[in-house]
Amino acid sequence: MGNLFLKEKENWWAWLLWSLIGASLSFYSSYVTEQVHYLFIPASFLLFGLIWWMNYSKRYEFSRAFKVLLFVGSISFAPLLYTQNYALDELTKLFVDTGFVFLSLTLVSLMGALIAKRPKQYY
């Protein structure tokens, strides 16, 4: 039946731990492979695992799932921008890549929050 009037508090330390695990996986993958399209795989699998778990537990509303996925994803994908070597004259390429990463992260978080949201409860 769910918690009708109880608002659950978010444990941000647990999500920070998951995001640090994702950051370490993406940092490790950036040193193992030189292929750019393979760098997003470990952090993406972590996000998809969190989406599956949120959908399975059915305790997350849309806004709560979106905030958590955006938080975990932004910290998990941050080392990918750090490990890329940009020269000083390629600053616009850095900004374009950063914008692309965070725009795609926002879209993935939006779709994941739609998947993971708690179903409507009719009383």
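Predicted model: local features only at pLDDT ≥ 70, side-chain atom pairs only at ≥ 80, totals over all residues.
**View 1. Val72, a buried residue of helix α3.** Val72 lies in helix α3, and because its relative accessibility is 0%, it counts as buried. Leaving aside neighbours within four places in sequence, Val72 is in contact with Trp15, Trp18, Ser19, Leu46, Leu47 and Leu50. Leu17 and Val72 are separated by 55 residues in sequence, whereas their C-alpha atoms are 8.9 Å apart in space.

**View 2. Trp15 and the largest nonpolar core.** This core has 20 residues, of which Trp15, Leu47, Met54, Leu69, Val72 and Phe77 touch the most other members. Helices α2 (41–57), α3 and α4 each supply at least two of the core residues, and α3 gives the most, with seven. When residues up to four places away in sequence are not counted, Trp15 touches Glu10, Leu50, Trp53, Met54, Tyr60, Val68, Phe71 and Val72.

**View 3. The packing of helix α3 against helix α4.** Helix α3 (residues 62–83) and helix α4 (residues 91–116) pack with their axes 9 Å apart and at an angle of about 150 degrees; an angle over 145 degrees counts as roughly antiparallel, and the two helices are therefore described as roughly antiparallel to each other. Their crossing is right-handed.

**View 4. The residues where α3 and α4 meet.** From α3, the residues in contact include Phe62, Phe66, Leu69, Gly73 and Phe77, and those from α4 include Asp97, Val101, Phe102, Leu105 and Ala113. By class, this contact has 13 nonpolar, six polar and one charged residues.

Note on methods:
Residues numbered from 1 in each chain as written. Heavy atoms only, no water. Axes fitted to C-alpha atoms, helices over the stretch in contact; angles between N-to-C directions. Helix = DSSP H or I, 4+ residues; strand = E, 2+ residues; numbered from the N terminus. Parallel < 35°, antiparallel > 145°, perpendicular 65-115°, else oblique. Left-handed = near helix turned anticlockwise from the far one by under 90°. Contact = heavy atoms within 4.5 Å. Nonpolar A, V, L, I, M, F, W, Y, C, P; charged D, E, K, R; others polar. Core = buried A, V, L, I, M, F, W, Y, C linked by side-chain atoms within 4.5 Å. Buried < 20%, exposed > 50% of the residue type's maximum accessible area, 1.4 Å probe, protein only.
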